[in-house]
Amino acid sequence: MLNLKLSHNPLIQYRPIRTSDLEVLEKIHGDLFPIRYESEFFQNVVNGRDIVSWGAVDRNRPNEQSDELIGFVTARTVLAKDSDIEEFLRYDSSRSEQTLIYILTLGVADSYRNLGIASSLIREVIKYASNIPTCRAVYLHVISYNNPAIYLYKKMSFQCVRRLSAFYFINGQHYDAYLFIYYVNGGRSPCSPLELIKLIVTGAKSGYRMVAAKLWRKEDRKPSKWSKCKESGSLLPTKHNKRMPTEGALSQFV
């Protein structure tokens with residue numbers, strides 16, 4: 001796809017982020033995000049200290065900029081038992097080594113948007129997670145007004161499982177966030193209470209249909225307390241996560 005903001009046909013390639021990317025990495029984060037990250041975060045990224053990362057470069061970029069970052073994704077490995085999404089996993093407490101990959105930041109320079117770069121960077125993370133036998137999911141948070149990112153993650157089969165009220169505090173204002181999960185290596189969500197109820201209802205349907213009809217008449221068709229659940233789609237009720245994310249886990253922009 002030709003990007004009208006570029007004066008040439010880009011040739012996008014992907015590579016690990018390295019120490020020589022430090023200055024550009026800091027600049028792109030500053031341009032894209034509404035908050036400022038501490039220098040320690042960037043040092044950890046470029047030196048691979050508990051953070052894995054991938055960068056996108058344009059090999060056809062002129063003026064000796066063919067190896068300069070135009071996009072990035074950063075992530076870290078966390079233990080499932082220490083994460084804030086344990087309730088969304090079929091977690092086996094006897095296997096304490098189970099892990100997750102948490103996406104910290106994702107961004108693409110404005111002139112390189114809509115070229116599929118963000119999708120490719122996410123696929124790098126998914127591939128990395130899938131090659132870790134103990135990893136069960138990739139997850140992240142997205143600020144509620146970042147519609148392009150929300151659309152992207154849904155398009156890439158991430159599951160939006162919860163809306164978190166006042167999750168971010170930026171420039172004196174609170175913002176909600178969405179929690180997205182992509183399961184790998186057989187990881188999957190546990191059966192929810194509502195799903196259990198549906199299974200029980202399905203199995204006993206023929207046995208209590210007549211009784212239920214009588215109760216329905218006696219209750220004069222009072223609305224069911226479960227009717228509100230349908231309005232929220234796949235999202236569970238608003239709830240604060242038990243652990244605030246660390247460092248760069250404040251927003252993802254694409």
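1. How many salt bridges does the count come to by this rule? The count is 9, where a salt bridge is a side-chain nitrogen of Lys or Arg within 4 Å of a carboxyl oxygen of Asp or Glu.

2. This is a predicted model, in which local features need pLDDT of at least 70, side-chain atom pairs count only at pLDDT 80 or more, and totals for chains, interfaces and linings use all residues. Residues are numbered from 1 along each chain as its sequence is written, and side-chain values use heavy atoms, with hydrogens and water left out.

3. Arg-18 and Asp-67 form a salt bridge, with 2.3 Å between the closest N and O atoms. The two residues are 49 residues apart: Arg-18 is in the loop between strand E1 (12-16) and helix H1 (22-32), and Asp-67 is in the loop between strand E2 (52-58) and strand E3 (69-79). Helices (H or I, at least four residues) and strands (E, at least two) are DSSP runs, numbered from the N terminus.

4. Asp-67 also forms a salt bridge with Arg-59, the closest N and O atoms being 2.8 Å apart. A network of salt bridges links Arg-15, Arg-18, Asp-21, Arg-59 and Asp-67.

5. Buried means under 20% relative accessible area, exposed over 50%, and partly exposed in between (1.4 Å probe, protein chains only).

6. Arg-163 forms a salt bridge with Asp-176, with the closest N and O atoms 2.9 Å apart. Arg-163 lies in strand E6 (residues 159-170) and Asp-176 in strand E7 (residues 173-183), so the pair ties together parts 13 residues apart in sequence. Arg-163 is partly exposed, at 27% relative accessibility.
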